[in-house]
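Visitor: I would like a close look at a single part of this model. Please take the salt bridges, and go through them pair by pair.

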Amino acid sequence: MNWLTRLMRHERLEAQLDAELRDHFERLVLDYVRDGLSEPDARRRARLEFGGLDQVKEVCRDARGTRWFEEFTQDVRYGWRGLMRNRSFAIVAILTLALGVGANTAVFGVINALLLRPLPVPDPTGLISLQRRVGTQAGGNFSYPQVLELSKQGDLFKLLCGFGRDQVTVGPAGAMEPAVVAWVSGHYYDTLGLSPQAGRLLIPADDEPGASPSAVLSDAYWTRRFGRNPGVIGESIQIEGVPVPIVGVSPAGFTGANVGEAVDLTLAIQSRLVVRPDQPFYTGPGARWLRILARPQPDLPQDQLQARAIVVWRQLMEASIRPTTLPEDRRRLMSEELDVLPGRTGTSLVRAEFRFPLQIAMGFVIVVLLIACVNVANLLLARGATRQREIAVRLSIGAGRARIVRQLLTESTLIAVGGMAAGLVVAWIGSRALLTLMAAGRGLEGAGALALNLTPDWMMVAVTILMVGGTTLIFGVAPAWRASRVQPGAAMSASGRVAESHGRLGSSLVIAQVALSLVLVIGAGLFARTLYNLRALDRGFDVTDVLVVGTSAQRAGFTGPKLAAFNSQLLTFIEQVPGVRAASVAAITPLAGGGITQAIAVNGVRTGEGEMHFNSVGPRYFDAMRTPIVAGRDFARGDGPAGPYVAIVNEAFVRQYMTGPPLGQRVSVLGSAREMQVVGVVKDTAYETLREAPPTVYSAHQQRLAAATFVVHAPGATAAVASAIRAEVQSRLGGRLPRISTLTDQLEGSLVLERLLARATLMFGALALALAAVGLYGLTSYWVTSRTREIGVRVALGARTACVLRLVLGDALRMVAFGVAAGLVSAWGLSRLIESMIFGLSATDITTVAFAVIVLVFTGLLAGLIPARRATRIDPHLALRNE
């Protein structure tokens with residue numbers, strides 16, 4: 001019988017052991033009776049010869065090899081009963097740990113899903129990712145021709161695919177809805193090694209020139225739109241008004257190779273020429289929008305692959321450079337490198353965006369967990385001090401110190417396991433709240449919403465177990481070790497020294513809590529003030545009551561003069577809608593997440609190596625945005641293609657690139673023969689981000705036809721105006737919905753990282769502050785309880801209420817003062833880590849630091865005031881009598 005079987009049959013073996021020993025005993029008694037002894041004498045003699053039954057059982061259990069487990073279960077039962085006897089302590093300790101463990105598990109769950117979890121494909125570790133790099137700036141995308149050329153390098157790559165993401169409209173006229181599509185090269189599914197759930201997946205023939213479009217549905221989209229009906233395979237779906245047959249469904253759990261950006265449909269890149277004929281440039285060499293995953297040849301070492309990939313890339317770049325390319329552009333192109341990186345986790349733009357904020361959040365919650373552990377350790381120390389007599393009695397009757405330590409560690413483990421169970425609930429809520437914070441303001445609701453798989457995997461389980469084990473060691477070992485050092489005689493006779501000893505260690509732990517809390521409160525204050533500074537920043541335009549309207553006119557087939565006429569007619573309609581004060585068009589709008597940069601020449605001289613920010617706007621654009629024109633004039637309706645080309649520049653451009661009066665000077669796009677005369681200067685405005693107002697050139701939209709987004713200033717009537725515009729666009733575009741948002745939405749969308757950091761750190765800072773307050777309150781309460789007799793004597797001798805308050809609060813505030821000093825030193829040492837994430841203040845901003853110190857001191861005062869008031873009410877007669 002092996003060990004496990006003996007353990008499983010413990011109850012039966014115990015019964016057998018008991019029966020067998022009793023049988024031996026009774027037989028021995030019968031033998032003595034037959035020898036002539038009376039039964040009582042026979043039993044006494046048999047008992048003396050046989051020995052104690054319990055001792056014999058212990059020997060048998062040792063031989064069985066399951067004794068340690070039985071003792072463990074005894075410790076668990078004893079610890080559980082102890083916790084149930086002191087439920088208030090158990091609840092506080094478990095909830096404290098739950099907050100710390102839950103916060104860590106929630107943040108790590110998001111980090112795991114976004115940064116660490118491998119793609120749900122066969123052999124994900126065999127995937128590599130190719131990325132362009134210029135200097136230290138990496139992460140560049142590839143053009144479709146570059147993907148095709150790289151896929152032909154059969155000596156390097158066994159399989160290679162490119163893929164990009166876009167949003168399309170799906171459905172018949174009048175019932176269109178947005179959907180996210182992945183445009184992929186022909187070997188996409190072969191490279192990933194996936195098999196279809198239904199029908200077939202895309203094959204290289206689907207990406208051949210002239211091939212008919214075919215669509216593959218994702219499992220989620222198949223479920224959401226078609227109710228998992230297998231009959232849709234072979235049917236057609238209207239994508240941008242083009243019927244595309246559905247050929248299959250991708251496997252469940254696979255949402256695309258772009259982590260965080262789930263797709264609904266997958267189409268071959270060549271299909272884009274049919275579905276989106278207005279964008280033929282996406283298949284040309286000028287559009288770099290694809291990311292690459294590949295599987296290298298199995299016998300090719302990584303270093304050789306990297307070296308040969310660099311050579312191949314240089315050859316491709318050399319071949320792609322045209323003779324007319326400017327020398328500066330040629331040098332820039334040839335300076336590009338090709339990096340071969342692990343591709344097991346796929347690629348993601350969201351990953352690059354949120355990596356650093358999530359790391360900051362992880363640092364915060366680790367500190368919160370440390371504070372929670374310190375808090376629980378303090379609670380255990382206080383509880384251990386009240387159990388001195390119990391432990392002394394156990395030591396006196398023969399219990400070993402190792403057994404005492406093991407018992408106390410078992411109780412700590414029970415608290416940790418309880419904290420983990422409750423923490424998983426906190427983590428489930430927290431991870432989804434964090435995901436909502438990340439998606440808020442990024443326009444990622446509905447189609448294209450931020451999608452991360454938060455289902456626990458082995459890594460999550462391992463980290464949680466390590467977290468529980470680590471916390472048990474942190475908060476359990478010191479109290480257990482301290483309790484095991486009890487001297488039975490001293491513990492039985494007096495508890496004063498013990499209490500005093502605990503007070504010193506407890507004070508050190510509270511000081512550590514205060515120091516860690518101050519670091520978090522300062523960090524939270526810096527991120528909150530950064531968000532405030534950015535919102536209060538003079539951005540050069542007013543976001544109040546401004547609508548931003550994007551149409552799908554190009555997707556509906558409007559191009560060239562037809563598109564210009566459409567935009568002009570729609571603008572005329574918008575200007576006549578009641579409530580509209582000003583309306584115009586622009587190629588891009590501020591803070592929309594993109595921009596146009598071009599090399600600019602001033603009076604025929606290039607402005608430098610860099611490219612200028614550019615925009616193309618219509619008349620009254622600055623009026624609608626309420627951007628002041630500081631010199632010259634606005635664009636007029638007469639600034640059309642037949643008139644002289646004109647431009648407006650901002651003050652930053654004048655300061656940096658112009659000498660003399662700006663009006664009348666000429667600017668031009670490098671390489672273009674058209675020169676634009678500067679007719680106006682406007683105030684500096686934010687462009688792609690709020691953090692900078694770069695030099696910008698504005699051209700007249702009528703003279704430089706580009707994509708048009710309408711900006712509409714409608715004070716107090718945005719809802720009615722939006723409704724009128726929506727109905728008009730739908731009637732003109734066969735049911736296609738316009739994209740209508742507000743400039744305020746764009747402003748908030750540009751602040752998603754700052755808002756995430758501010759809210760998350762404020763939440764964790766408040767949590768740390770609350771835990772520190774609980775720790776200080778607990779220690780002060782214990783101090784008052786342990787010194788009740790002393791306080792009673794002081795009161796009996798005439799001490800006034802103010803003296804007692806000063807005695808108790810002085811001790812609490814001294815701990816706060818030491819903690820603040822240690823926290824300030826720590827915060828100063830960590831300040832450089834967040835220097836790049838804050839705006840409008842330094843990482844050692846004295847106002848923020850002072851405010852954090854005041855908050856912490858005030859919290860400490862409140863935490864100490866309650867037990868201090870209790871101390872003033874101690875009745876000296878009762879205190880002395882109880883002692």
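Guide: What follows is a tour of the salt bridges, pair by pair.

This is a predicted model, so to speak of local features requires pLDDT of at least 70, side-chain atom pairs count only at pLDDT 80 or more, and totals for chains, interfaces and linings use all residues. Residues are numbered from 1 along each chain as its sequence is written, and side-chain values use heavy atoms, with hydrogens and water left out.

The structure holds 36 salt bridges. A salt bridge here is a side-chain nitrogen of Lys or Arg within 4 Å of a carboxyl oxygen of Asp or Glu.

Start with R117 and D457. They form a salt bridge, and their closest N and O atoms are 3.6 Å apart. The pair links distant parts of the chain, 340 residues apart. R117 sits in the loop between α6 (87-116) and β1 (128-134). D457 sits in the loop between β14 (450-451) and α16. Helices (H or I, at least four residues) and strands (E, at least two) are DSSP runs, numbered from the N terminus. Both R117 and D457 are buried. Buried means under 20% relative accessible area, exposed over 50%, and partly exposed in between, with a 1.4 Å probe and protein chains only.

Next come R535 and E748. Their side chains meet in a salt bridge at 2.6 Å, N to O. This pair, too, links distant parts of the chain. R535 belongs to helix α18 (residues 496-536) and E748 to helix α23 (residues 743-750), 213 residues apart. R535 has a relative accessible area of 34%, so it counts as partly exposed. E748 has 21% relative accessibility, so E748 is partly exposed.

Then take R637 and E575. The salt bridge between them has its closest N and O atoms 3.0 Å apart. They lie 62 residues apart, and the pair links distant parts of the chain. R637 is in the loop between β21 (629-632) and β22 (646-650). E575 is in helix α19 (residues 560-576). R637 counts as exposed because its relative accessibility is 58%. E575 counts as partly exposed because its relative accessibility is 27%.

Last, a network. Salt bridges link E26, E39 and R43.

R535 is partly exposed, and so is E748. R637 is exposed, while E575 is partly exposed.
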